[in-house]
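Here is a friendly walk through a few features you can follow on screen. Please keep the viewer open as you read.

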Amino acid sequence: MADNNHGHGEHKSFYEEGGKGIMSWVYTLDHKRIGLMYLVSVLLMFALGGLMALLVRFELLSPGKTIMTAQQYNVVFTLHGAIMVFLFIIPAVPAALGNFVLPLLLGTKDVAFPRLNIFSYYIYVTGAIIAVGAIVGGGVDTGWTFYTPYSSGTSGSVVLMVFGAFVLGFSSILTGLNFIATTHKLRAPGMTWSRMPLFCWGIYATSLIQVLATPVLAITLLMLIIERVWGVGIFDPAKGGDAVLFQHFFWFYSHPAVYIMILPGMAIISEIIPTFSKKAIFGYKAIGMSSVAIAIIGFLVWGHHMFVSGQSQFASMVFSFLTFLVAIPSGIKVFNWTATMYKGSITLETPMLYALSFLFLFTIGGLTGLFLGALSVNVHLTDTYFVVAHFHYVMMGGTVIAFYGGVHYWWPKMTGRMYNEKLARLACALVFIGFNVTFLTQFVLGSKGMPRRYYDYLPQFQTLHQVSTVGSWILGLGFLIMVSYLLASLKVGALAPANPWGGLTLEWQTSSPPPLHNFEKQPNTKIGPYDYGVPIPPKKPGTLEGAVHGTSS
Amino acid sequence: MNILLQWAPFMPTAASHNAPNVDNLYGFIFWLSVVFFILVIGPGAWFVYKYRLKKGEEHQPTPRITHHLGLELTWSVIPLLLCVVIAVWGFWDFMALGVAPADTEDIFVTGYKWGWRFEHRDGTKELNELHLPEGKKVKLVMTGEDVIHSFFVPDFRVKADLPPGRYTSLWFEPIGVGEHQVFCTEYCGDGHSGMLAKIIVMPKDKYAEWLRVGTPLGPGETLEDRGKKLYSDKGCLTCHSVDGSRLTGPSFKGIFGNPQPLADGASVNVDENFIRESILNPQAKVAQGYSPIMPSYQGSLKEMDLNALTAYIKSLK
């Protein structure tokens with residue numbers, strides 16, 4: 001990876017400039033290296049969480065015991081959820097891709113607080129070790145939601161796991177703080193707020209939620225620890241507490257957290273679609289503002305997780321209406337992305353295939369949200385597989401697909417290498433097919449009444465469960481192929497040009513991979529991030545087309 | 001595909017007054033979603049097909065269309081209005097579901113790890129089975145004993161959580177007679193997926209007879225068969241195995257006729273009277289090495305049920 005891609009000896013990449021050896025990574029303050037360390041970490045966590053998912057699906061191949069006991073199953077599905085949410089999805093786009101790309105997109109040398117940045121990474125690693133330690137140290141069977149009073153009473157290392165999530169929260173808060181400061185203060189000269197790439201808008205909105213909501217999670221988890229360790233009755237009715245109170249606290253963070261997960265995914269799509277359509281983004285302001293609107297309304301809908309919990313009907317009504325309100329900005333984005341492709345000049349390289357998959361899957365995820373937002377229908381569907389399918393369409397079909405779109409989009413920039421395009425398209429297709437086979441069936445299961453978090457099930461549900469499990473194998477195969485060609489590209493991949501996709505945002509104005517301080521000269525911001533509609537120069541490996549393009553206008 | 005001919009695809013049998021209302025809205029959202037899916041993905045797919053760069057072509061300048069107020073208002077306002085319709089509609093039915101009429105038959109429900117206890121007004125208790133007369137409005141007043149459980153009857157489209165320390169309620173009016181599955185839908189530990197119950201809606205005269213004697217033996221059914229059925233229906237299987245493996249309570253295999261050490265150090269011979277006492281008053285003699293957590297089945301088993309269970313345990317050599 002550390003080869004000089006340019007051969008002339010004039011541009012050195014950050015891999016060389018930052019020094020060699022393990023210590024050059026451990027002590028680095030470079031946002032690009034930190035981003036890559038996050039990337040490796042979250043990908044490992046995705047592999048671990050994915051393995052758990054495959055085990056869960058395999059167990060459900062037949063009713064009763066297939067490969068594990070009920071206790072083991074409960075631990076495995078809890079770990080799947082907790083790892084995927086706290087250790088993968090939340091940090092995946094902002095901390096991994098955001099760290100690498102945000103300063104480049106803003107045309108700056110680094111984030112505002114590089115030391116804070118590496119500190120956040122080590123907090124993340126600490127939290128991850130504690131959480132994974134909890135797995136080894138006895139397992140946790142509460143589900144990732146840690147609902148009381150079950151979690152106050154069950155055996156296993158709940159406290160350790162919860163403490164891990166508590167620590168991880170600080171990493172999230174500090175990264176958010178860093179990105180907010182960076183976006184406010186370090187934009188390249190000429191990059192006004194309204195000329196900022198939409199990825200930055202998305203990350204900015206995400207950071208706001210991270211800073212404002214995560215402390216509430218910390219408080220909640222702390223209270224749970226206090227209850228378990230000292231026996232103070234906060235949530236356990238047996239000790240005078242209120243079981244449902246925990247749910248309010250928990251979802252007050254965890255619903256905004258859903259937007260911490262999806263907004264960065266949407267932000268990636270807003271970059272990929274214009275680039276591969278060679279077309280100005282449709283409705284820049286609407287997309288940017290809808291991110292902020294989602295971030296704000298996202299704070300006011302937590303109660304829609306609790307329509308059958310015994311909360312007052314009036315509260316449920318308000319939460320239902322607000323929930324429908326949040327559908328509107330999401331819908332606006334989808335329409336805008338589609339309209340961007342109108343009269344474009346579209347090429348279907350892998351990142352674009354992921355973006356199109358996102359459109360398809362996220363639309364289903366969003367529309368099925370309408371069922372769950374409607375109070376009377378929610379009563380039937382909540383806590384069934386319908387909900388499982390819905391949030392996988394949004395979280396995996398949305399965020400995770402967008403994340404892999406982003407990984408493929410910026411892979412040449414990050415590594416200086418191109419991956420095998422044919423294999424990449426094959427993997428994308430397998431992921432898309434596998435995903436739909438796995439989760440479309442689960443909508444049907446849910447409507448029919450199959451409850452979630454069930455180790456065993458009635459025989460009438462078996463066929464659909466089997467189809468879903470086979471889908472998970474296709475999905476797994478797709479990811480396996482992805483790992484193989486991405487790793488292979490580091491050794492045998494063709495050298496990446498500075499601007500392989502013909503994009504106009506600033507990261508394409510510097511070499512792949514970029515030098516330590518990102519840009520050899522001040523990046524050109526005269527041309528906006530989506531000012532397509534002027535002749536596009538042909539791709540030539542090793543030249544700085546973006547810069548040439550910019551100066552020619 | 002007959003699914004495409006249904007208003008509310010994939011929904012289970014509609015067997016309560018409330019179910020058709022839920023299905024109407026479900027169907028409305030379903031078909032509206034299909035239309036919107038086509039409205040979004042259709043043009044998207046068409047654009048990709050029509051405007052893709054063909055082999056050998058160079059990129060041509062694209063028109064720089066940045067926004068279109070009319071279009072943007074259209075796709076903001078119309079979905080907003082439709083969302084308001086759905087929200088009001090959902091709320092309307094939800095309120096009807098939440099406010100029980102005055103003339104209901106009230107039944108107390110307790111969810112515990114891992115089973116359901118039902119208490120009728122006349123004192124009859126049932127475990128994991130709820131018998132109801134046809135044509136009667138029923139209100140369930142529910143609470144959780146240990147952790148949160150959730151009572152879900154897909155055929156009735158009703159569900160409510162049972163948090164410990166407070167009551168929640170739901171009501172329904174079953175249509176016709178028949179059996180309906182009950183699930184626990186709030187994760188509650190190892191026995192969560194086995195925390196099932198049946199609601200059995202019977203004709204009025206059959207119900208009166210059931211109240212008196214319990215369910216009579218079917219043709220060809222032996223007392224042991226009935227015991228085996230009760231063993232699973234009443235949830236004995238959650239804690240007692242029949243293959244000798246250790247669960248929360250002692251296994252039934254080979255237990256009859258042999259001495260059983262007790263928690264207080266004494267020992268007792270397992271006979272009919274010990275089994276009867278252990279079912280009705282489980283705390284009286286607790287087997288050594290096991291926690292005294294079994295609930296009493298007093299009132300929830302008719303005389304014949306006790307005989308049947310004893311016969312079944314006897315048969316497990």
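## A strand pair in chain B

In this predicted model, B:V138 sits opposite B:F172, a residue of β8(B). The two strands involved are β5, residues 138-144 of chain B, and β8(B), which pair in the antiparallel sense over 5 bridges.

## The sheet around that pair

Step back, and you will find an open sheet of 5 strands in chain B, with mixed pairing and the order β3-β2-β1-β5-β8. At its edges stand β3 (125-127) and β8 (168-172) of chain B; each has a single partner strand, so one side of each is left without a neighbour in the sheet. On average, and ignoring direction, neighbouring strands of this sheet are turned by 25° against each other.

## Where chain B meets chain A

Now look across to the other chain: 70 residues of chain B are in contact with 73 residues of chain A. On the chain B side, the elements giving two or more residues are α1 (19-50), α2 (69-98), β6 (149-153) and β7 (158-162). The most come from α2(B), with 16 residues. By type, this side of chain B divides into 41 nonpolar, 19 polar and 10 charged residues.

## Two helices crossing in chain A

How do α4(A) and α9(A) lie to each other? The axes of α4 (residues 70-106) and α9 (residues 243-277) of chain A come within 8 Å and cross at roughly 40°; the two helices are therefore oblique to each other. Their crossing is left-handed.

From α4(A), the contact uses A:I89, A:I90, A:V93, A:P94 and A:G98, while α9(A) brings A:A257, A:I260, A:M261, A:P264, A:G265 and A:I268. These contact residues divide into 9 nonpolar, 2 polar and no charged.

Definitions and conventions
Residues are numbered from 1 along each chain as its sequence is written. Chains are lettered from A and ligands numbered from 1 in the order in which they are written. This is a predicted model: local features need pLDDT of at least 70, side-chain atom pairs count only at pLDDT 80 or more; totals for chains, interfaces and linings use all residues. Two strands pair if DSSP finds at least two bridges between them. Helices (H or I, at least four residues) and strands (E, at least two) are DSSP runs, numbered from the N terminus. Axes are lines fitted to C-alpha atoms, for helices over the stretch in contact, and angles run from 0 to 180 degrees between N-to-C directions. Two residues are in contact if their C-beta atoms, placed from the backbone, lie within 7 Å. Ala, Val, Leu, Ile, Met, Phe, Trp, Tyr, Cys and Pro count as nonpolar, Asp, Glu, Lys and Arg as charged, and the others, Gly among them, as polar. Angles under 35 degrees count as roughly parallel, over 145 as roughly antiparallel, 65 to 115 as roughly perpendicular and the rest as oblique. A crossing is left-handed if the near helix is turned anticlockwise from the far one by less than a right angle, and right-handed if clockwise.
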